Amino acid sequence: MTQTTPGTADRPGPVARFLEQPPRWVAALTKVATFVEMTLGAVFVLLIFVLVLLQAGQRYLPIEGWAWTGELARFSLVWLTFVVAGVLVTRDAHVSIEMVDAIPNKMLVRVVRVISAVIVSAVGVGLTAACWDLVQTQGIITSPALRMPMSWFYAISLIGFVSTTIRAAVAAVRFAVLGVPERNVEDAFAAATRVAVE
């Protein structure tokens with residue numbers, strides 16, 4: 001029978017310490033990446049709002065409509081969807097089915113959450129690879145109204161795919177090592193509100 005000195009049994013390992021208190025450069029890099037992604041998301045929301053208003057106003061003005069407004073609004077919606085996806089994965093504020101969280105067996109919840117994060121990360125790898133291929137091959141094609149190279153369209157989406165892949169992989173490791181944080185409806189609402197405010 002082995003004896004453990006007081007405090008050694010519950011001392012976290014290096015991975016757990018890294019996840020609980022990451023080095024300053026990792027925390028700073030994550031903060032900068034989150035700021036950039038959320039700023040881009042806010043710009044795209046604002047673009048959609050302004051462009052849709054312009055489209056509505058053009059119907060009542062005696063001028064010829066601008067076809068590029070609708071095209072850029074559609075592109076902005078796609079960019080918004082993908083650019084902020086990684087942040088939502090990190091903050092656990094993305095759309096999810098929370099029935100699993102109500103299961104009393106914590107180990108089962110942990111396994112399901114790890115598997116789901118691994119699946120999201122694997123899908124992110126596939127989307128990143130496909131998007132990178134499109135960035136390299138679609139530069140010759142331009143959009144109908146803006147005449148924007150389609151490689152630009154995919155390059156902005158690539159930011160979100162890379163972020164989602166990395167953040168989902170970190171979430172999988174975090175759930176596996178630290179477990180799943182306790183959540184209730186109020187916590188989910190507060191997390192979603194925090195994402196909207198920050």
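The conversation below takes up the labels one at a time.

Biologist: What kind of model is this, and what pLDDT does the protein average?

Modeller: The model is predicted, and the protein averages a pLDDT of 83, with 84% of the residues scoring at least 70. Over residues 1-9, however, the pLDDT is below 50, and beyond near neighbours in sequence this stretch has one contact in the model.

Biologist: Why does Glu 37 count as buried?

Modeller: Buried means under 20% relative accessible area, and Glu 37 has 5% relative accessibility, so Glu 37 counts as buried. Glu 37 lies in helix H2, residues 24-58, and, leaving aside neighbours within four places in sequence, Glu 37 is in contact with Val 83, Val 84, Gly 86, Val 87, Ser 163 and Arg 167.

Biologist: What makes the meeting of Arg 167 and Glu 37 a salt bridge?

Modeller: The cut-off is 4 Å between a side-chain nitrogen of Lys or Arg and a carboxyl oxygen of Asp or Glu; the side chains of Arg 167 and Glu 37 meet at 3.3 Å, N to O, and therefore qualify. The pair links distant parts of the chain, with Arg 167 in helix H6 (residues 150-178) and Glu 37 in helix H2, 130 residues apart. Both residues of the pair, Arg 167 and Glu 37, are buried, and a search of the whole structure finds one salt bridge.

Biologist: Why is the term polar contact used for the side chains of Glu 37 and Ser 163?

Modeller: The limit for a pair of N or O atoms is 3.5 Å, and the side chains of Glu 37 and Ser 163 are joined at 3.0 Å, which therefore falls within that limit. A polar contact of 3.0 Å also joins the side chains of Thr 34 and Arg 167.

Biologist: How do you know that Thr 34 is buried?

Modeller: The relative accessible area of Thr 34 is 11%, and the cut-off is under 20%, so Thr 34 is buried. Thr 34 has its place in helix H2, and apart from neighbours within four places in sequence it is in contact with Val 87, Arg 91 and Arg 167.

Biologist: Which residues have the most contacts inside the largest nonpolar core?

Modeller: They are Phe 44, Phe 75, Trp 79, Leu 80, Met 148 and Phe 153, in a core of 15 residues. The elements giving two or more residues to this core are H2, helix H3 (67-83) and H6, and H3 gives the most, with six residues.

Conventions:
Residues numbered from 1 in each chain as written. Predicted model: local features only at pLDDT ≥ 70, side-chain atom pairs only at ≥ 80, totals over all residues. Heavy atoms only, no water. Helix = DSSP H or I, 4+ residues; strand = E, 2+ residues; numbered from the N terminus. Buried < 20%, exposed > 50% of the residue type's maximum accessible area, 1.4 Å probe, protein only. Polar contact = N/O pair within 3.5 Å; in protein donor to acceptor, adjacent residues only side chain to side chain. Contact = heavy atoms within 4.5 Å. pLDDT = per-residue confidence, 0-100. Core = buried A, V, L, I, M, F, W, Y, C linked by side-chain atoms within 4.5 Å.
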